[in-house]
Amino acid sequence: MNRRILVVDDDEAIRDVVRTGLEIVAGWTVQLATNGADALTMCAADPPDAVLLDVMMPTMDGPSTFGQLQDEPRTRSVPVIFLTAKVQPAERRQYEGLGVAGVLAKPFDPLTLPDQISDLLGWRD
């Protein structure tokens with residue numbers, strides 16, 4: 001099944017690696033946003049099947065973006081997975097405590113990323 005994923009990261013290299021892995025390995029459609037504000041606009045206009053959201057971004061970080069997605073009825077049900085370089089157990093618990101679907105560590109293997117996302121979201125195509 002074709003999935004549509006919004007990747008939100010201020011690092012162009014990360015966006016490119018994620019997009020390549022998800023499009024080539026899984027055949028999913030990938031949309032890109034460079035910041036939280038753009039992600040909110042894109043999600044409100046046409047909610048994706050899931051959002052991969054960088055935790056640390058300038059202006060609006062991942063947790064703030066996630067909170068605003070949760071505040072809107074149209075985007076509340078969109079699953080969000082945090083991407084972060086900070087994966088200490090306490091930080092992971094803090095992020096998961098917000099209600100995100102999962103937390104994935106950077107760096108990651110783009111070839112296994114679709115399976116990791118599918119496992120976190122219970123997607124079995």
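Visitor: What should I know about the model first?

Guide: The model is predicted: local features need pLDDT of at least 70, side-chain atom pairs count only at pLDDT 80 or more, and totals for chains, interfaces and linings use all residues. Residues are numbered from 1 along each chain as its sequence is written, and side-chain values use heavy atoms, with hydrogens and water left out.

Visitor: Is F108 buried or exposed?

Guide: Buried means under 20% relative accessible area, exposed over 50%, and partly exposed in between (1.4 Å probe, protein chains only). F108 has 16% relative accessibility, so it counts as buried.

Visitor: Which residues does F108 touch?

Guide: Contact means heavy atoms within 4.5 Å. Not counting residues up to four places away in sequence, F108 touches I14, V17, V18 and L113. I14 is 94 residues from F108 along the chain, yet their C-alpha atoms are separated by 9.8 Å.

Visitor: How far is R15 from the nearest side chain of opposite charge?

Guide: A salt bridge is a side-chain nitrogen of Lys or Arg within 4 Å of a carboxyl oxygen of Asp or Glu. Lys and Arg count as positive and Asp and Glu as negative; His and the chain ends are not counted. R15 is buried and has no salt bridge, with E12 as that nearest side chain at 4.8 Å. A polar atom of the R15 side chain does lie 2.7 Å from the backbone oxygen of D9. Contacts of R15, not counting residues up to four places away in sequence, include V7, L32 and T34.

Note on methods
A polar contact is a pair of N or O atoms within 3.5 Å; within protein, one must be able to donate a hydrogen and the other to accept it, and residues adjacent in sequence count only if both atoms are side-chain atoms.
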